[in-house]
Amino acid sequence: MALRELSSLEKFLGLKKPNKYSTQGDKKVPVLQSNNGPALVGLVTIACHLVKEAKRPELLGDSAESRAVVQQWLEHRVTKLEGCTKEDVKTVLKDFNLYLQDKVYLAGNQFTLADIFMYYGIHSLIVELAIQEKEQYMNVTRWFDHIQHYPGIRHHLPPVAVLRNRIYTGRHH
């Protein structure tokens, strides 16, 4: 999955020459062998490298605080979402829902790499939820729907219906 995410990130960033990736270990940690240095290991390390290569530093945050928030969410993505058990899903989504209560994006009002990789990370969780369950996490589904419609993000992932269409009667309640 991580290799597809990195490939989608490359497309989003408009990088012309696709990189060649490999994986290492049982957890299939992505590895990028660069031409002029040591191999880069790990989803977050490689993703940050690609953003810098594409000269899109705003995706890493526009202030020291927002850069720290982006890094925090990227770490959260790798440590909490990778291998998330069914029992963990509700806790992860509940905490995420609470965090997004007053935010448009993870690092405040700016779309960042954290939004991209958290979207990729929770996509499979959201797909598995019934509409009623999605309604319990309104802030997550609002954010998720917004990110999935962000231009160029959803390369390898199918769209997900996140909210039920409400049918209103002619009467006012």
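A residue counts as buried when its relative accessible area is under 20%, as exposed when that area is over 50%, and as partly exposed in between, using a 1.4 Å probe and protein chains only. The structure is a predicted model, in which local features need pLDDT of at least 70 and side-chain atom pairs count only at pLDDT 80 or more, while totals for chains, interfaces and linings use all residues. Residues are numbered from 1 along each chain as its sequence is written, and side-chain values use heavy atoms, with hydrogens and water left out.

Now for the inside. A nonpolar core is a set of buried Ala, Val, Leu, Ile, Met, Phe, Trp, Tyr and Cys residues joined through side-chain atoms within 4.5 Å. The largest such core has 54 residues, and Leu 113, Phe 117, Ile 122 and Trp 143 are the ones touching the most other members. At least two core residues come from each of helix H1 (2-13), helix H2 (43-53), helix H3 (64-81), helix H4 (86-99), helix H5 (113-128) and helix H7 (138-148). H5 supplies the largest share, 10 residues. Helices (H or I, at least four residues) and strands (E, at least two) are DSSP runs, numbered from the N terminus.

Trp 143 is worth a look of its own. Once neighbours within four places in sequence are set aside, Trp 143 is in contact (heavy atoms within 4.5 Å) with Phe 96, Leu 100, Val 104, Tyr 105, Leu 106, Asp 115, Met 118, Tyr 119 and Ile 122. H2 has a list of its own too: Leu 43, Val 44, Ile 46, Ala 47, Cys 48, Leu 50 and Val 51 are its buried residues. These pack against H1, strand S1 (21-24), S2, strand S3 (40-41), H3 and H5.

Next come the pockets. On a 1 Å grid over the protein atoms alone, a pocket is an open set of points where a 1.4 Å probe fits, with protein on both sides within 12 Å along at least five of seven lines, and its lining residues have an atom within 4 Å of a point. Grid points are joined across faces, edges and corners, and a volume is the space filled by probe spheres set on the points. The largest pocket holds about 500 Å³ of space. Its lining has 21 residues, with Met 1, Ala 2, Lys 27, Arg 77 and Glu 82 nearest the centre. H1, strand S2 (29-32), H3 and H5 are the elements that give two or more residues to this lining, and H5 provides the largest share, four residues. Sorted by class, the lining has 11 nonpolar, five polar and five charged residues; here Ala, Val, Leu, Ile, Met, Phe, Trp, Tyr, Cys and Pro count as nonpolar, Asp, Glu, Lys and Arg as charged, and the others, Gly among them, as polar.

The second largest pocket has about 260 Å³ of space. Its lining is made up of 13 residues, and Lys 86, Val 89, Leu 125, Glu 128 and Leu 129 sit nearest its centre. At least two lining residues come from each of H4, H5 and helix H6 (131-136), with H4 giving the most, four residues. The classes here are six nonpolar, three polar and four charged.

There are four salt bridges in the structure, a salt bridge being a side-chain nitrogen of Lys or Arg within 4 Å of a carboxyl oxygen of Asp or Glu. Arg 77 pairs with Glu 82, their closest N and O atoms being 2.2 Å apart. Arg 77 is buried, at 2% relative accessible area, whereas Glu 82 is partly exposed at 45%. Glu 58 bridges to Arg 56, with 2.6 Å between the closest N and O atoms; Glu 58 is partly exposed at 32%, and so is Arg 56 at 24%. Lys 103 joins Asp 102, with the closest N and O atoms 2.9 Å apart, and Asp 102 is exposed at 65%. Through shared partners, salt bridges link Glu 5, Arg 77 and Glu 82 into one network.

Last, a bit of backbone. Most residues other than glycine have a negative phi. Lys 28, however, has a positive phi near 55 degrees. Lys 28 lies in the loop between S1 and S2 and is exposed, at 55% relative accessibility. Lys 55 also has a positive phi, of about 55 degrees, without being a glycine.
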